Amino acid sequence: MAYSHIVVDVKGSVGIIRLDRPKALNALCAELFVELAEALDGFEANDAIGAIVLTGSKKAFAAGADIMEMQTKNYMDVYMGNFLTGQEERISTCRKPVIAAVAGYALGGGCEIAMMCDFILAADNAQFGQPEIKLGTIPGLGGTQRLTRFVGKSKAMEMCLTGRMMGAEEAERAGLVSRIVPLDDLMDEAVKVAGEIAELSQPIVMMAKESVKKSYETTLREGIMFERRVFHSTFSTEDQKEGMSAFAEKRTPEFKNR
């Protein structure tokens, strides 16, 4: 399928989505979100795809929302239109792992969609921030909520109140990103990691993802009970039997995603 604002590719069992609005530093518009959701739907429905990489350009992952698209809207426009409650959260509902490969600017909505992914690999030139306060508004795609959970109240509050950007090293120290990769190696490393995940049992990977996400959406006691029940359920799968048999027999497992 041809897209106007994204580029979609496949490398082995890895689906790749690249944001592609270079003149606007990959600013996020309504049509881009629709295309992104369609691409994710396609990869989720494709049994040959085990993991997904979301990226932008070397200069900008996404430098924020498209201000030109929003500036003429008033309160009733955004309230009655339920603005930002459609396809924008599609990344967060994807059952397959989604890795954000972030280079350059990930600001505003760009930072927010990176945080919707399961983890972030950051190039050494990455810059994260929620600068909405400088435009007379606040984050609207979960920035005040996810950022606080990832880096803590004090740092999230500072960033949301000042609009200050956070570099890759600070983001790694704060726990926002998984690790830093040299810019020229970013995509190769992201595809490599995604490929390693895709070789594993897809249903077990999904269960692991659900369990980790539960950890910051509920209490510790409820999260542990959820994890325990999902752990128990893995013993009903063919892949658990194969994985443990392969370990005992000192061979590589052959998962069938069953």
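## A helix across a sheet

Contact here means heavy atoms within 4.5 Å. With that in mind, welcome to this predicted model, and let us start with helix H5 (residues 109-116), which lies across S4, S6 and strand S8 (127-129). Its direction is at about 90° to S6.

The strands under discussion belong to an open sheet of four strands, in the order S4-S6-S8-S9, and the pairing is mixed. At the edges are strand S4 (60-62) and strand S9 (166-167), each of which pairs on one side only. S4 and strand S6 (residues 105-107) run parallel and are joined by two bridges.

## An enclosed strand

Now turn to strand S7 (residues 119-123). How many of its five residues are buried? Four of them are, so S7 is largely enclosed by the rest of the structure.

S7 has parallel partners that you can trace by eye. Strand S5 (residues 98-102) is joined to S7 by four bridges, and the two run parallel; here Ile 99 stands opposite Phe 119. S7 also pairs with strand S10 (residues 179-181) in the parallel sense, over three bridges. In that pairing, Leu 121 has Arg 179 of S10 as its bridge partner.

## Two helices side by side

Two packed helices are described by the angle between their axes and the distance between the axes. For helix H10 (residues 202-214) and helix H11 (residues 220-234), the axes come within 9 Å and cross at roughly 170°. Angles over 145 degrees count as roughly antiparallel, and H10 and H11 are therefore roughly antiparallel to each other.

Which residues make the contact? From H10 come Ile 204, Met 207, Glu 210, Ser 211 and Lys 214, while H11 brings Gly 223, Phe 226, Glu 227, Val 230, Ser 233 and Thr 234. Sorted by class, the contact of H10 with H11 has four nonpolar, four polar and three charged residues.

## Two buried residues with polar contacts

His 5 sits in the segment before strand S1 (6-11). With a relative accessibility of 13%, His 5 counts as buried, because the cut-off for buried is under 20%. Its side chain makes a polar contact with the side chain of Glu 31, at 3.1 Å. Beyond residues up to four places away in sequence, His 5 touches several others, among them Arg 18, Asp 20, Cys 29 and Glu 35.

Arg 90 is part of helix H4 (residues 90-93), and at 13% relative accessibility Arg 90 counts as buried. The side chains of Arg 90 and Glu 44 make a polar contact at 2.7 Å. Leaving aside neighbours within four places in sequence, Arg 90 is in contact with Ala 37, Leu 40, Asp 41 and Glu 44.

## Two asparagines with positive phi

Most residues other than glycine have a negative phi. Asn 26 has a positive phi, near 60°, and lies in the loop between strand S2 (14-19) and helix H1 (30-45). Asn 257 has a positive phi of about 60° too, although it is not a glycine; its place is in the segment after helix H12 (238-248).

Are these asparagines buried or exposed? Asn 26 counts as buried, at 2% relative accessibility, whereas Asn 257, at 33%, counts as partly exposed.

Note on methods
Residues are numbered from 1 along each chain as its sequence is written. This is a predicted model: local features need pLDDT of at least 70, side-chain atom pairs count only at pLDDT 80 or more; totals for chains, interfaces and linings use all residues. Side-chain values use heavy atoms; hydrogens and water are left out. Buried means under 20% relative accessible area, exposed over 50%, partly exposed in between (1.4 Å probe, protein chains only). A polar contact is a pair of N or O atoms within 3.5 Å; within protein, one must be able to donate a hydrogen and the other to accept it, and residues adjacent in sequence count only if both atoms are side-chain atoms. Two strands pair if DSSP finds at least two bridges between them. Axes are lines fitted to C-alpha atoms, for helices over the stretch in contact, and angles run from 0 to 180 degrees between N-to-C directions. Angles under 35 degrees count as roughly parallel, over 145 as roughly antiparallel, 65 to 115 as roughly perpendicular and the rest as oblique. Ala, Val, Leu, Ile, Met, Phe, Trp, Tyr, Cys and Pro count as nonpolar, Asp, Glu, Lys and Arg as charged, and the others, Gly among them, as polar.
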